[in-house]
Amino acid sequence: MFTSELKIRDFSDYQIPSEYRTIAKNYLSEAQAIFEDDLMLFAITSSCALNSCIDGWSDIDVLIVTKNFDVTNNEMIHKVGNSQKIRIALMLLTQYEFENNLLDDKTRVAVWHLKKGLTYPNYVQGNMIIPNITFKDIQNDDKVMMPTYLHKLRRLFWENTENSKRPIIKMLYIVIKMELRKRGYVVCSYANAFQRFAIMYNEQEFDILKEISSKSKNPSPEFLAYAQYVVKKICKGEYDI
């Protein structure tokens, strides 16, 4: 259970670029002004909270829990997020949804991190029950959601649209993390995920950070070939052997 004595993480504790820190801090201030006493929890999650943020690439993932559902307030906080220079990926829940584990797969991972003490909230009001999420629950989510992410990834391959590098990399990263969690491994960064994946399946490691840092908005032929190769093997069940 969250209590008033729970450790609150200050934004100065994050090993993230100063621009990210400033935007996150201001976003909390905006959330407090919009929701007032309805704001129950605010937490930076994912790469920024896990000190694996990539400057200019990573989003700022935020979990907000409010006491009540208010359409106007929800619209306002989304508008604030959409106006930022760095994209804010918002997970917005009511206290009832949060406490009763009415979460999507991404949010369930973020809450699992909170429960395990891997991340901490930046603001908490009153007491809240953290749902009893287990690693097995995360693995079950992965099993259900893997077909959806594979479908989205394959569609990105054949649509061949402009600016496709970012969505393909992010989607492949999700799929690779799912494959690793299937074997019991939890990774918190692109570099760690691609390295661990190569070791686990005796594959050649792809330099994903080099791909991310390239100025092109479309994937390199080498990365596209690698992504298609991995997806082909997953879809044939070759990593299940």
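What share of the contacts in the protein chain with a separation of 6 or more comes from residues 24 or more positions apart? In this predicted model, such residues account for 68% of those contacts.

The overall architecture was examined next. The protein chain contains 10 helices and four strands. Read from the N terminus, its elements follow the order α-β-α-β-α-β-α-α-β-α-α-α-α-α. Along the principal axes, the C-alpha atoms fill a box of roughly 50 × 35 × 30 Å. The radius of gyration of the protein chain is 19 Å, which agrees with a compact globule, because a globule of 241 residues would have a value near 18 Å.

Of its 241 residues, 49% count as buried. The protein chain exposes about 12600 Å², and carbon and sulfur atoms supply 49% of this area.

Nine of the 12 residues are buried, so α5 is largely enclosed by the rest of the structure. The buried residues are D105, T107, R108, V109, A110, V111, W112, H113 and L114. The cover over these residues includes both strands and helices: among the strands are β1 (39-45), β2 (60-66) and β3 (88-94), and among the helices are α4 (95-99), α6 (135-159) and α7 (165-182). Just after α5, G117 takes a positive phi of about 75°.

One of the helices that cover α5, namely α6, is also the place of D142. The relative accessibility of D142 is 6%; because a residue under 20% is classed as buried, D142 counts as buried. When residues up to four places away in sequence are not counted, D142 touches M178 and R181.

Definitions and conventions
Residues numbered from 1 in each chain as written. Predicted model: local features only at pLDDT ≥ 70, side-chain atom pairs only at ≥ 80, totals over all residues. Heavy atoms only, no water. Helix = DSSP H or I, 4+ residues; strand = E, 2+ residues; numbered from the N terminus. Rg over C-alpha atoms; globule rule 2.2 N^0.38 Å. Buried < 20%, exposed > 50% of the residue type's maximum accessible area, 1.4 Å probe, protein only. Contact = heavy atoms within 4.5 Å. Areas by Shrake-Rupley, 256 points an atom, 1.4 Å probe, with all protein chains shown as cover.
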